[in-house]
Amino acid sequence: MKFKVLSVLLLLGGLWPSGASADNRFIVRSTLDLQTLQTACNPPLLPPICTVVRGLGDPLGQLFLITSPLNLGDLLNLPGNPLGIVRAEVDQLLNLFPVGALNVLPSPLPAGLMADRTPVPYPDSGGTVWTSYQNQPAAQIVRVSDAQSQFGVSGAGIVADIDTGVDPTHPALQSVLLPGYDFTRNQPGGSELTDISSSSCPFTSCPPPPCPSCSSAQVNQSTAAVLDQSTAAVLDGNDQYAAFGHGTMVMGVIHLVAPTAQLLPLKTFKADGTGFLSDILQAVYYAVQNNANVVSMSFDTQTRSRELRKALDYAEQNNVICAASAGNQGQAAPPLTVYPAEWQDDVIGVASTSDQDTRSSFSNYGNAIVWVAAPGEAIVTTYPFGTYAAGWGTSFSAPFVSGAAALLLNKQANTNESQAAAAVAHAMPVGPDMGNGRLDLVQALGSLGPADVPPTGSIDSPSGYVIIFAGQSVFFSGSGTDPDGTVTAYSWSFPGGNPGSSNVATPGNVTYSTPGIFVATLTVTDDAGLNDPSPKTRTVVVLPCALFCNSLQGL
């Protein structure tokens, strides 16, 4: 036995690199829990095998980010599998502007770009927005205003954006923003301003002064913003800020389409445009577990990840609608692979079109990755420091579909991924290899059936308020109707009673032992997940038990 243990230790020791080695990052699915995995990473008499950085939030608690001096092959072939590894993969570093991306600003910029800065009212936008944002060509092409007015929708639910974060102080977005989370720092809050304030201020002042009369200036390869020239020059001339503002811009497009939907910023990319796959995985799980209805993903990778697919499967199984950009290499798929857009059971892949309904020259194409297209050139949207910018890329096409999903949820609350995909497939043809065509919000909303009607509950017994003595019981029974479905759940609340609650139509006798005035409540739920908007109540008056209590108990 001692010889066997010694042999294993010698085998483990032989795997260690002889010189100093930087730790590698791995995403590991293990049969071990967090504490046991931490122990296994530190075997006695040997250097540590690995370090557990954190769990990644999967519902089984089996997915972890670890670092190790070993390479992936050696990690998977440790004798006896001491880490309980089911599978593992390298923690990819993704980039919002990968090498070879073709989405660049035209030169010169289009005449009149963002020129109309007349303030106009817009729902949940801090009062007003620029006309060039609210009434831009892209909004007219997908028929934002027509869809909102014709169907009486302006967005519902929570839309999570996995991105660089958001400017939480932007007047147009403030009222609909949720706090979010910063996975790059593992701390609450999804602000991308932390990428500037966390270091010495790169501008003449932080934040830069507003400049509403400034011309559009390039701030990265695909974006022009209304900023003073000195601020724009700092951003455009520094790789550290290559993607700064990207998340605020994507959020602005979602808000343009669905202004009353709530927005959840999930920061997984730094201002330089890089982000680890582990942070993206954790963000997907976080979104689902924090009640997001839609997940918007304006990023792509050409490297397949089993764990990303599993996370998106989890989202789909929980009725979360996901949309992702198709990428900006101007290539056909196949042979190109683009994830997550390629996983069409879980994700709506979105390509870019011009204002003339032609494929954008930079947009990837092919029905394997494109389910639908949307405008992606000169998209006017919100930008940090309370200003606006225009962007080019499928990054700004995908949020049109994410916003469309929020409109669909406004009309039909239980819309899921497959239903949303089927709805947006009612689109305008724009030629081959562009999926079902260019997004048309009126067609998409018109494809849904009538809006769901909530159920109505009824308390059948008692028929009105009740007066009893302490220690007596009241018999409760209820029912429910749903004109477009079935009642699937009953929820009773009996303050002061025993039992205090029930989930059946007829709870029966409820005993009240303490004098007072109590209100029993019944709420019914239908098969679409809708609740009775007016829960039914009965008042129970319980009198103190005095001289004749005992004789009354039997009455």
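## Cavities

The second largest cavity has a volume of about 30 Å³. A cavity here is a set of points, on a 1 Å grid over the protein atoms alone, where a 1.4 Å probe fits but cannot get out. Grid points are joined across faces, edges and corners, and a volume is the space filled by probe spheres set on the points. This is a predicted model: local features need pLDDT of at least 70, side-chain atom pairs count only at pLDDT 80 or more, and totals for chains, interfaces and linings use all residues. Residues are numbered from 1 along each chain as its sequence is written, and side-chain values use heavy atoms, with hydrogens and water left out.

Lining residues have an atom within 4 Å of a point. For the second largest cavity they are L96, F97, N103, S222, H246, N328, W392, S395 and F396. By class, that lining has four nonpolar, five polar and no charged residues. Ala, Val, Leu, Ile, Met, Phe, Trp, Tyr, Cys and Pro count as nonpolar, Asp, Glu, Lys and Arg as charged, and the others, Gly among them, as polar. The whole structure holds two cavities of 30 Å³ or more.

## Overall build

The protein chain has 15 helices and 29 strands. These are DSSP runs, numbered from the N terminus: helices are H or I with at least four residues, strands E with at least two. Along the principal axes, the C-alpha atoms fill a box of roughly 90 × 80 × 50 Å.

Of the 555 residues, 52% are buried. Buried means under 20% relative accessible area, exposed over 50%, and partly exposed in between (1.4 Å probe, protein chains only). Among contacts with a separation of 6 or more, 73% link residues 24 or more positions apart. A contact means heavy atoms within 4.5 Å.

## Nonpolar cores

The largest nonpolar core has 81 residues. Such a core is a set of buried Ala, Val, Leu, Ile, Met, Phe, Trp, Tyr and Cys residues joined through side-chain atoms within 4.5 Å. I348, Y383, F400, L439 and L441 have the most contacts inside the largest core. Helix 12 (residues 398–411) gives the most to this core, with nine residues. A second, separate core has 39 residues, including L96, F183, A243 and V288.

Leaving out residues up to four places away in sequence, F400 touches A138, V142, V253, L256, V257, A374, P375, I379 and L439.

## Strand 12 and its partners

Strand 11 (residues 216–220) and strand 12 run antiparallel, joined by four bridges. Two strands pair if DSSP finds at least two bridges between them. Two residues separate strand 11 from strand 12 in a hairpin. S216 has V226 as its bridge partner in strand 12. Strand 12 also pairs with strand 20 (residues 387–391), antiparallel over three bridges. There, A225 has A389 as its bridge partner.

In a regular strand the side chains alternate between the two faces of the sheet. In strand 12 (residues 223–226), T223 and A225 point one way, A224 and V226 the other, and all are buried.

An open sheet of five strands has the order 22-29-28-24-26, with mixed pairing. Strand 22 (466–469) and strand 26 (501–502) are its edges, each pairing on one side only. Strand 28 (residues 516–526) and strand 29 (residues 536–543) pair antiparallel over seven bridges. L522 has K536 as its bridge partner in strand 29.

P499 lies in the loop between strand 25 (497–498) and strand 26. P499 is partly exposed, at 33% relative accessible area. Apart from residues up to four places away in sequence, P499 touches F494, N509 and V510.

## Backbone exceptions

Two cis peptide bonds deserve a look. A333 to P334 is cis, with omega near -10°. Y339 to P340 is cis, with omega near 5°. P334 sits in the loop between strand 16 (321–325) and strand 17 (348–353), and P340 is found in the loop between strand 16 and strand 17.

N186, a residue other than glycine, has a positive phi near 55°. N186 lies in the loop between strand 9 (181–182) and strand 10 (187–188) and is partly exposed, at 43% relative accessible area. F385, also a residue other than glycine, has a positive phi near 75°. F385 is in the loop between strand 19 (379–383) and strand 20 and counts as buried at 16% relative accessibility.

How values were computed. On a 1 Å grid over the protein atoms alone, a cavity is a set of points where a 1.4 Å probe fits but cannot get out, and a pocket is an open set with protein on both sides within 12 Å along at least five of seven lines; lining residues have an atom within 4 Å of a point.
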